[in-house]
Amino acid sequence: MLTDKEIERLEKLYTKERLLWGENFRFVAGIDEAGRGSLAGPVVAGAVIFKEGIYIEKLDDSKKLTSSQRETLYAQIKNKAVAVGVGVVYQDEIDKINIFNATIKSMKLAIANLNIQPDFLLVDGLTIPELSIPQEKVIDGDARCCCIAAASIVAKVTRDHLMEELDKIYPQYGFAKHKGYGTAFHLQALKKYKPCDLHRKTFKPVAKLIET
């Protein structure tokens, strides 16, 4: 059962959505990504649409949550959201088109994979070009909007699961643990084993090892 304090917190997170619902935008989608700064694997975007009156306890920016909390919330989001979409762009394409363009592409794919066409987008920290759907860039949106917070969890959990599966193919790099980010362990493994097919060859720590 939700406490009054938790309902109050979630109501604040719904501020932007409520304003848009009041302007007759029925399907407001939150958009966020995970993996933009990783040295390996894909960048993944999530898109989530909630209807008015949906409260998910402890919903928050994915970075503020433990892995266990994210998994629990991910299941609830999938169950309670009107629509959930995911977009994935892998490392080979990231190297071809650069990480910014790959992030934009993953967001467009996530929107396209929603089973309901959104009529407004709330996007974490970015403006998505070449879209006819009205949108708003929201700085720190994953901490300010319910639908973006949910999208951040969907993106993060989806990507974590992918990296855990890829770890089975390349266990020496520890992808299941650090998810491809530049931890000390990962950098040491890179030096020892050299980059594999999952690494982003245009990212500096990886590119330097290829050059040597």
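**Exercise 1. How many salt bridges does the structure hold?**

Solution. The model is predicted. The structure holds 14 salt bridges. The exercises below take some of them one at a time.

**Exercise 2. Describe the contact between Arg9 and Asp60, and state what it does for the chain.**

Solution. Step one is the distance: the side chains of Arg9 and Asp60 meet in a salt bridge, with 3.8 Å from N to O. The cut-off is 4 Å between a side-chain nitrogen of Lys or Arg and a carboxyl oxygen of Asp or Glu.

Step two is the location. Arg9 lies in helix H1 (residues 4-13), while Asp60 lies in the loop between strand S2 (43-49) and helix H3 (67-80), so the pair ties together parts that are 51 residues apart in sequence.

Step three is the accessibility. Arg9 has 27% relative accessibility and therefore counts as partly exposed. Asp60, at 17%, counts as buried, because buried means under 20%.

**Exercise 3. Where do Lys156 and Asp160 lie, and are they buried or exposed?**

Solution. Lys156 and Asp160 form a salt bridge, and their closest N and O atoms are 3.1 Å apart. Both residues lie in helix H6 (residues 146-167), 4 residues apart, which is about one turn of the helix. Lys156 and Asp160 are both buried.

The side chains of Lys179 and Glu164 meet at 3.8 Å, N to O. Glu164 lies in helix H6 and Lys179 in the loop between helix H7 (175-178) and helix H8 (184-193), so this pair ties together parts that are 15 residues apart in sequence. Lys179 is buried, with a relative accessible area of 11%, whereas Glu164 is partly exposed, with 31%.

**Exercise 4. Classify the ring pairs Phe25 with Phe120 and Tyr173 with Phe175.**

Solution. The structure holds 7 aromatic pairs. In the pair of Phe25 and Phe120, the ring centres are 5.0 Å apart and the planes stand at 65°, so the pair is edge-to-face. Phe25 sits in the loop between helix H2 (15-22) and strand S1 (28-34), and Phe120 in strand S4 (residues 120-124), 95 residues apart. Phe25 counts as partly exposed at 21% relative accessibility, and Phe120 as buried at 9%.

For Tyr173 and Phe175, the centres are 5.5 Å apart and the planes at 20°, so the pair is stacked. Both of these residues are buried.

**Exercise 5. Which residues do ring pairs link into a cluster?**

Solution. The cluster consists of Tyr14, Trp21, Phe50 and Tyr55.

Technical notes:
Residues numbered from 1 in each chain as written. Predicted model: local features only at pLDDT ≥ 70, side-chain atom pairs only at ≥ 80, totals over all residues. Heavy atoms only, no water. Phe/Tyr/Trp six-rings, centres within 6.5 Å; stacked < 30°, edge-to-face > 60°. Helix = DSSP H or I, 4+ residues; strand = E, 2+ residues; numbered from the N terminus. Buried < 20%, exposed > 50% of the residue type's maximum accessible area, 1.4 Å probe, protein only.
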